[in-house]
Each structure stands twice: as C-alpha cells, then as structure tokens.
Amino acid sequence: EAVAGTATVTRRGHDHHHGEPRVHKEKVKYSPEEEAKLERQHFWRVIDAFRYYRTHVQEQVKRAERQYHGLTPRHQRLLPSVLPNLTLVGQCVDHNQDVLHAIVHNCVHMFENMEYGEEEDDLKKAGPPSTFDMDKLKSTIKQFVRDWSDVGQAERDTCYLPIIQQIQELFPSDQYDVSKLSVLVPGAGLGRLAWEIARLGYMCQGNEWSFFMLFSSNFVLNRCEKVNSLTLYPWIHQFSNNKRSCDQTRSIGFPDIDPQSLPTTSDFSMVAGDFLEVYTEPDSWDCVATCFFIDTAHNVLDYNMAHEVSIELSYEDIRSAIIKYGFHIEVEKESVQTTYTENDRSMLRHVYDCIFFVARKPVEAACSYTNGATAGQEEEEEEEEEEEEDDGACISPPCAKSPRREGDSRGGSPT
C-alpha cells in the first residue's frame, strides 16, 4: 500500500515498444514468454540510454570544437568565448550524467510485482542506443523543469491548474468526501499533476507506460526529499537559438517542493503499463484527467493500439466521437495557449493553441454503452445532441458514480 508522499509502482501489462516508432498493418501477436523477453529487452535498452548519455552529448561537444578549430586563426580570435563555453557544457554534461546514474540506480527493483534480472549478453553487444532513445532521454530531462522546478511553475499554471480547478468545481470538498472520489491520470509523466490532485485529498492514481518517465518519476517521488537539493542542466543540448552563451548552461533546481509532504491520509499511487491493458473494468473511476495525452494516441478511439497505423484527427472529429460514445460536453474552451517543456530564454519557442474541455457520461449512457447500444440508440443520441447544440445550452446530467477496484487504488495487486 502506498504511504503518504510515496508512489508505489506496480507494473501491469507489457511495455515492449521498441525505440523507433513503427507502423504495421497487422498486429503482431506474441506468446507470454516472448512478451516477457521483449519487455526485458526494452527495459535494459532504456537503462543503457541513461548510461550512454555522457558519451552521446560529448560527441556533440567534440563536433562543435572541431568546427571551431576548422575556422581560420583570424576568425577564432574574433570568437574567444566559444571554447570556454564548450568546456563548461562538457562539465554540465558530466553533472547530468551523475544525476541520471542516480535515477536508474536500483531500478531493477522499483516495481513491486516485476523483476528484470541482469542485462543479457546479447543486449550488451547490441551497440549504442538509438538516436530516438537519446532524444527521448533529453526530453525527459526537460520534464523535470516542467513538473518539479520553479522555472516550470508558469507552464504548470497554464496546463495543470485549469484541470485541478475543474475537478474542485465538479467535486467540491464541502459537498463530497473527496477521499472517496477516485481520479485517474493517464500519461502521468513525472507525476506532478497526479501528486497535486492527491495533495487536495482526492484518491488519485497516475498511469504511465514509458520507462523513461517511470524511472524518473520513481526517483523524484520516492527518493527526493529536500527542496531544490538537486541540479540539472536541461538546455545544454541546445546549440542554436541562444541569446547568450550562458543561457545554454544555466541550471534548474529540483524538486521545488518536497514530494514526501503529502498529508498522511493521502491515497496516491502510480501504475506502470499500457492504458488499455491496465484499465479494463468499466465504471471504475469518478474522474479521468488528461493533459497532453489524448493527442499522443495512434488511434484515439482505442488508445495506444500497438503497431497500428497512426490516425491523425481534427478536434472536430474527436469531439464528434466523444458525443457518439454517450458523453455530454459541459465545458469547452478554445484557444487556451500553453507551452510544453519550453526553454523560456530560447529565440525559438513553440506555443500550443489548446482546447480545454470537460465531458460527462450520464448514468443511463454508461449503462447503455456497457451493455452495447443499438444503431437506433446511437442515432437518437446524435439527434438529441444536435437539438441541444441548436438550443445553445446543454442541461448537465447527474454524475455517473464509478466504484473503483481496491487493487487499482494502491497499485498493490496485479490485474
């Protein structure tokens, strides 16, 4: 059972996605033994990416040094600060590597119901990690900024705060015993959103399938205590679009808050595994909160179907499908601008123009879809929805109560 401030990590389902994204027309079926072997291989491949970080980034540093030395002596004299800055970048790389080693230390035993043994000889001979895995690792380093640093506060306020406030409006503590209200956060990343929801007293569980995220969230949630006791250099991989050389080597401290400071009554857990394989029971959760999650699916109608062709849908298409599944959209805000792991000092910045929405499935709709709705019923629901939209307002139905399984609440028993 997860205690206050600690996320017990349970592994469910299999995570054998192989580094590079792949597209197949047919699903590949594996025996349980093959599934276990593939997962073991992927586990150690991610561990190797963490260990290989220094070598990978130092190659970039050496390449930049060679390019500098390729200049004429006259041009080199015009750029006296380039080599000292590259030396500093190399020192920052070494520091990041120390933190990454700490993150994966003892990860073999981080799952309470799964052991991965020792790295097999054929994996040790497989060569360096892929570019995809190394890019994923560098992206994970920036997740520490987003989720657990003071620098990421503004980004969290635009992304997480609206979700948290909406949960509080839907389930206010003066009307509900929030300790009995279950909130699921798929695609939990490094766990900050789920942690904040649990801090408010809600029963909250994060779900994540990426080993990069799982290793890192386990480290920050279970092994970090003192505020800003650790340092990372998240921007040293950015060799262009820097206003000042020192912007590349600036540091961030983490965690900005003690992850162990959850109230003793908190019910907070993390479960590892594929969303579709882990959560198969209908009507098990009162609320599902997602942030930058739906858009990552190959097929948003059947989330995370492995090896399937990726279907890129407009929000209009997704919205239509949500309604056809029996949900009523109660809140919908267009043009919510936010960023994602942004370098706030970069000369190149990406802004997402997001849509924030709340959808509720009424009790009767939940029952009909659980038992299988007929085509006629679906047509009637579409007609009713069109009438509601024409009227310009939608009457909010009562909340569908979702009793949740005890095993899921604490990540203690495998499905």
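Tutor: This is a predicted model, in which local features need pLDDT of at least 70, side-chain atom pairs count only at pLDDT 80 or more, and totals for chains, interfaces and linings use all residues. Residues are numbered from 1 along each chain as its sequence is written, and side-chain values use heavy atoms, with hydrogens and water left out.

Student: At what angle do the axes of helix α3 and helix α8 cross?

Tutor: Helix α3 covers residues 82-104 and helix α8 residues 211-223. Their axes (lines fitted to C-alpha atoms over the stretch in contact, with angles from 0 to 180 degrees between N-to-C directions) come within 8 Å and cross at roughly 85 degrees. Because 65 to 115 degrees counts as roughly perpendicular, α3 is roughly perpendicular to α8.

Student: Which residues in α8 meet α3?

Tutor: Contact means heavy atoms within 4.5 Å. On the α3 side stand A102, I103 and V104; their partners in α8 are F215, S216, F219 and R223.

Student: Is N207 buried or exposed?

Tutor: N207 lies in strand β3, residues 203-208. Strands are DSSP runs of E with at least two residues, and helices are runs of H or I with at least four, numbered from the N terminus. Buried means under 20% relative accessible area, exposed over 50%, and partly exposed in between, with a 1.4 Å probe and protein chains only. The relative accessibility of N207 is 2%, so N207 counts as buried.

Definitions and conventions. Parallel < 35°, antiparallel > 145°, perpendicular 65-115°, else oblique.
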